[in-house]
Amino acid sequence: MIDYEGREGEAALIRRILGGETELYYQLVRPYQRMIYATAFSILRNEIDAEDVVQQTLLNGLAALRSFRAQSRISTWLTQIALNEARLRLRKARLHRFVSIEDITMTAREPIIVNLIEWKRIPSNALEREETRKSLMNAFESLPRIYREVFVLRDVEELSIAETAKVLGIREVNVKTRLHRARMKMRELIAGTLGLQLRWSVSKTTAIADCRIVWRECSNFIDDDVARILHTRITAHLRVCRRCKSVIAGVRNVVRLMGDPRVLRLPRGFRGRLRERLRSHIPMPQGRSAMRRPSRRRSKGSRVVAKQ
Ligand SMILES: [Zn+2]
């Protein structure tokens with residue numbers, strides 16, 4: 001069995017698909033279904049629409065595969081297609097709907113400084129509970145779209161800052177700013193529903209200037225993307241300031257929880273429907289196993305007979 005893992009493996013797979021073995025396409029895109037879905041969902045906030053965007057994205061991807069340039073990753077390239085497709089649908093939906101779904105703004109709330117000491121200990125097995133996942137998704141869906149996009153690309157799909165900037169067509173500095181706001185907002189929203197809401201009395205001994213730096217650089221700090229001198233200063237501050245320590249822990253927790261595949265998961269039956277749709281558009285050998293483990297021999301007209 002040929003190993004198609006990694007970029008070189010993918011390049012080999014792409015060559016074969018372009019050479020006519022289109023039945024290998026599902027094998028190429030299979031690892032990226034969830035990330036493409038997350039991208040679409042971050043824009044549309046609707047499972048059915050997002051699923052449809054994934055299917056359309058993968059069909060568009062196959063049609064355009066020849067234009068794929070190997071210097072970017074196939075995952076990033078597909079994400080870009082999904083983003084464009086989802087935005088297109090959003091624009092169309094706006095034309096048809098009286099109330100723009102994009103105009104539902106976040107409920108204005110004063111930032112509450114909450115103590116996340118208890119909340120940060122939420123074990124990841126809490127994600128087994130529907131209620132916990134719902135709270136996370138509600139918080140996520142209440143973010144403005146530009147924050148949802150960047151948050152999903154970075155913290156769910158784990159694209160780099162540079163890749164995220166490229167996919168969104170914005171500058172890296174803007175990615176960082178949006179990401180910071182998205183993460184801070186998520187932390188605040190989740191702390192409100194899942195955490196203990198304890199008002200914090202600001203310690204008089206706290207170096208407020210350093211607190212401000214932590215709050216400003218929090219997102220870059222957890223990404224390990226601050227200058228060494230600033231890193232040292234923040235680290236020193238976190239040793240003495242409980243409030244900032246809990247903010248950092250809370251943001252880290254948001255990133256960890258939302259990156260968990262149990263949260264933004266594929267709807268039931270998703271994979272089967274996707275394979276069906278691809279199969280109806282791409283000439284493929286018959287039989288379920290044919291898509292999963294395509295024959296290495298190019299057999300025109302021969303059928304893979306399922307074992308009974
Ligand atoms: Zn502080």
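**Close-up views of a predicted helical chain**

**View 1. Helix H3 against helix H7.** Helix H3 (residues 33-44) packs with H7 at an angle of about 165 degrees, and their axes are 8 Å apart. H3 is therefore roughly antiparallel to H7, a term for angles over 145 degrees, where under 35 counts as roughly parallel, 65 to 115 as roughly perpendicular and the rest as oblique. Axes are lines fitted to C-alpha atoms, for helices over the stretch in contact, and angles run from 0 to 180 degrees between N-to-C directions. Helices (H or I, at least four residues) and strands (E, at least two) are DSSP runs, numbered from the N terminus. The model is predicted: local features need pLDDT of at least 70, side-chain atom pairs count only at pLDDT 80 or more, and totals for chains, interfaces and linings use all residues. Residues are numbered from 1 along each chain as its sequence is written.

**View 2. Residues between H3 and H7.** On the H3 side the contact is made by Ala38, Thr39, Ser42 and Ile43, and on the H7 side by Arg145, Arg148, Glu149, Val152 and Val156. Residues are in contact if their C-beta atoms, placed from the backbone, lie within 7 Å. By class, this contact of H3 with H7 has four nonpolar, two polar and three charged residues. Ala, Val, Leu, Ile, Met, Phe, Trp, Tyr, Cys and Pro count as nonpolar, Asp, Glu, Lys and Arg as charged, and the others, Gly among them, as polar.

**View 3. Helix H7 against helix H8.** Helix H7 (residues 145-156) and helix H8 (residues 161-168) have axes 10 Å apart and pack at an angle of about 140 degrees. This angle makes H7 oblique to H8. The crossing of H7 past H8 is right-handed. Glu149, Val150, Leu153 and Arg154 in H7 meet Thr164, Val167 and Leu168 in H8. The contact of H7 with H8 has, by class, four nonpolar, one polar and two charged residues.

**View 4. Leu230 in helix H11.** Leu230 lies in helix H11 (residues 228-240). Glu217 is 13 residues from Leu230 in sequence and 9.1 Å away in space, C-alpha to C-alpha.

**View 5. The chain around these views.** The chain has 14 helices and zero strands. Of its 308 residues, 31% count as buried.

Methods: Left-handed = near helix turned anticlockwise from the far one by under 90°. Contact = placed C-beta atoms within 7 Å. Buried ≥ 20, exposed ≤ 12 C-beta atoms within 10 Å, placed from the backbone.
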